[in-house]
Amino acid sequence: MLNGGEMWRGDGNERESKEHVALNWNHQPNDTPSRRFLKLELELNVHLRGLSFGEPVRYVYNPLEYAWETHSCYVEKYCQAGQHFLFLGMNPGPFGMAQTGVPFGEVKSVVDWLRITGTVGRPENEHPKRRISGLACTQSEVSGARFWGFFRKLCSEPAVFFRHCFVHNLCPLIFMSSSGKNLTPPELNACEREKLLRLCDIALCQIVEALGVSMVIGVGKVAEQRARRAFSAAGMDVRVEGIMHPSPRNPQANKGWETVAKAKLEQLGVLSLLRNNTLPESSHTQGTS
């Protein structure tokens with residue numbers, strides 16, 4: 001059993017904020033999965049504030065702070081008991097989660113299919129070429145459009161997908177260079193990257209344990225490999241698999257990502273669960289937490 005207090009020791013960053021106050025909620029035996037999930041994310045936020053990043057990083061956004069309202073809407077709607085499959089992305093995209101607070105959060109999918117609402121603020125230090133306009137963002141993120149578009153066609157209603165699955169990013173931060181170029185964690189300074197990902201690994205292990213996840217499906221090799229490393233270091237027996245990342249930078253994904261993803265999910269035994277559209281009448285509402 002993981003102990004959050006022991007695993008987080010030694011950081012010392014206890015800045016008071018509304019998020020940190022929320023960490024002091026007394027544990028309730030009847031805590032919902034969504035409540036446990038959000039508490040772990042708030043705790044991760046506290047520790048991430050103690051990090052600093054040098055070149056090539058010049059701007060760091062954390063949508064779990066400025067887009068907390070829409071993010072918590074997503075979690076409260078859709079994080080629920082019985083979700084044994086966790087799709088794991090690496091970190092936000094500039095026109096996805098950075099704008100909406102939702103993993104792979106292409107705006108149209110988030111608003112029209114997931115029906116997420118809320119106000120999105122702005123990061124303290126904002127790149128002039130990478131402004132945050134929240135749910136009003138007009139630029140589509142291809143990865144997110146492919147990801148959620150695939151499951152929309154497969155499941156019809158969000159309740160079908162979220163009955164068995166949830167979606168999360170390992171790292172909530174997005175990094176940019178002075179030019180506004182998006183930087184992925186592998187492009188960071190090695191020492192800074194390991195400090196960051198160590199904190200994210202701990203949070204992932206705690207989330208998987210809290211939710212009772214039995215299989216993590218990395219979206220892309222980087223997320224898959226990092227999940228394997230996190231569970232191995234923690235001594236956790238969690239099955240890790242992977243699907244191809246839907247990024248337009250991936251030539252294979254551009255040739256037919258949905259076909260590849262469908263074949264892999266069928267192999268993993270997940271596809272049949274997502275094709276079952278027979279839900280109790282109450283499940284066709286907006287999900288429960």
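Helix 8 (142-155) and helix 11 (221-234) each give at least two residues to the lining of the largest pocket. Helix 11 makes the largest contribution, with three residues. The model is predicted.

**Largest pocket**

- The volume of the largest pocket is about 770 Å³.
- Its lining is made up of 32 residues.
- Nearest the centre of the largest pocket lie Ser-143, Asn-182, Thr-184, His-245 and Ser-247.
- By class, the pocket lining holds 14 polar, 13 nonpolar and five charged residues.

**Largest cavity**

- One cavity of 30 Å³ or more is counted.
- Helix 3 (33-48) and strand 3 (165-169) each supply at least two residues of the cavity lining.

**Residues around the cavity**

- Glu-41 and Leu-44 belong to the lining of the largest cavity, and both fall in helix 3 (33-48).
- His-168 and Asn-169 also line the cavity, and they fall in strand 3 (165-169).
- Leu-170, Cys-171 and Pro-172 are lining residues too.
- The rest of the cavity lining consists of Leu-64, His-71, Met-97 and Pro-103.

Notes
Residues are numbered from 1 along each chain as its sequence is written. This is a predicted model: local features need pLDDT of at least 70, side-chain atom pairs count only at pLDDT 80 or more; totals for chains, interfaces and linings use all residues. Side-chain values use heavy atoms; hydrogens and water are left out. On a 1 Å grid over the protein atoms alone, a cavity is a set of points where a 1.4 Å probe fits but cannot get out, and a pocket is an open set with protein on both sides within 12 Å along at least five of seven lines; lining residues have an atom within 4 Å of a point. Grid points are joined across faces, edges and corners, and a volume is the space filled by probe spheres set on the points. Helices (H or I, at least four residues) and strands (E, at least two) are DSSP runs, numbered from the N terminus. Ala, Val, Leu, Ile, Met, Phe, Trp, Tyr, Cys and Pro count as nonpolar, Asp, Glu, Lys and Arg as charged, and the others, Gly among them, as polar.
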